[in-house]
Amino acid sequence: MQAQFIARVLSYCLGKGKLALKGKRQIPWLEITRSEVERTYLDHQLRALRRLHDGPMESVWDHIDSDGYYDNERIRLQGEGLWRAYELLSPRDKPVISREVLNVAGAEGIAALWLDQGRFIGKQRGKRGQIKGRYTPEEYENIAAWLCDSDIPARVHHNHEQKPIEISIRMNGLPPLLDIIRPLTHVSMKKKLRPARK
């Protein structure tokens with residue numbers, strides 16, 4: 001169970017999850033913030049982590065006002081099992097999405113990455129996939145190579161200053177991507193498995 005818990009924590013940190021040391025005691029806390037329209041999925045994430053964690057886990061659920069139409073919901077969790085995940089994600093006390101982190105996250109990581117950071121784009125809304133987030137150049141390259149190793153053709157796109165801005169998944173890479181993530185996708189997020197209608 002502990003290995004599954006660590007893999008799930010790392011998979012959530014590929015998208016909207018943040019794992020950092022907090023408080024006077026400097027202990028690891030996992031924080032996930034989502035729009036209130038995704039409250040059901042956030043509840044699913046909390047339940048999954050509680051189920052997989054060995055021992056007690058402290059959790060705090062907050063409602064956060066926003067300037068937009070929808071507010072945000074946030075969960076913060078703390079438990080002993082987070083230490084190993086923190087050591088993998090922040091080997092020098094600075095978070096980095098390394099190949100080791102990606103390999104541990106596995107298929108769950110691919111699903112969490114797409115659900116949080118992926119979308120269909122193109123003239124026909126679904127011609128290709130795009131993954132975009134606050135990643136370093138090294139992280140962009142690591143993620144693209146990891147997807148390619150999972151038989152999902154992907155490459156990093158750069159802007160005119162040669163800074164990475166997104167990972168592009170070709171049209172022929174979408175079927176294998178969806179085959180991997182479909183059985184791992186919570187019912188409340190099934191909308192992310194099909195292109196939006198115009």
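Leaving aside neighbours within four places in sequence, Ile143 touches Ile97, Leu102, Leu113, Tyr135 and Ile167 in this predicted model. Ile143 is also one of the residues with the most contacts inside the largest nonpolar core, a set of 53 residues. For context, nonpolar side chains in soluble globular proteins tend to be buried together.

Helix α4 also takes part in a helix pair with α1. Two packed helices are described by the angle between their axes and the distance between the axes. For α1 and α4, the angle is about 45° and the axes lie 7 Å apart. That angle makes α1 oblique to α4, and the crossing is right-handed. On the α1 side, the contact is formed by Ile6, Ala7, Arg8, Leu10, Ser11 and Tyr12. Their counterparts in α4 are Val101, Val104, Ala105, Glu108, Gly109, Ala112 and Asp116. Sorted by class, the residues of this contact comprise eight nonpolar, two polar and three charged.

Helix α1 (residues 2-12) meets helix α3 (residues 82-89) at an angle of about 50°, with 9 Å between the axes. The two helices are therefore oblique to each other, and they too cross in a right-handed sense. Here α1 contributes Phe5, Ile6, Val9 and Leu10, while α3 supplies Leu82, Arg84, Ala85, Leu88 and Leu89. The residues of this contact divide into eight nonpolar, no polar and one charged.

With a relative accessible area of 12%, Gln78 is under the 20% limit and so counts as buried. Beyond its neighbours within four places in sequence, Gln78 is in contact with Ile27, Pro28, Trp29, Met57 and Glu58.

Gln26 has a positive phi of about 50°, although it is not a glycine. Its place is the loop between β1 (17-22) and β2 (27-35), and a relative accessible area of 39% makes Gln26 partly exposed. Asp151, another residue other than glycine, likewise has a positive phi, near 65°. Asp151 belongs to the loop between α5 (137-149) and β7 (154-158). At 61% relative accessibility, Asp151 counts as exposed, being over the 50% limit.

Finally, Pro195 is found in the segment after α6 (174-181). Its relative accessibility of 34% places Pro195 in the partly exposed class. Along the chain, Pro195 and Ile152 are 43 residues apart, and their C-alpha atoms are separated by 18 Å.

Conventions. Residues numbered from 1 in each chain as written. Predicted model: local features only at pLDDT ≥ 70, side-chain atom pairs only at ≥ 80, totals over all residues. Heavy atoms only, no water. Axes fitted to C-alpha atoms, helices over the stretch in contact; angles between N-to-C directions. Helix = DSSP H or I, 4+ residues; strand = E, 2+ residues; numbered from the N terminus. Parallel < 35°, antiparallel > 145°, perpendicular 65-115°, else oblique. Left-handed = near helix turned anticlockwise from the far one by under 90°. Contact = heavy atoms within 4.5 Å. Nonpolar A, V, L, I, M, F, W, Y, C, P; charged D, E, K, R; others polar. Core = buried A, V, L, I, M, F, W, Y, C linked by side-chain atoms within 4.5 Å. Buried < 20%, exposed > 50% of the residue type's maximum accessible area, 1.4 Å probe, protein only.
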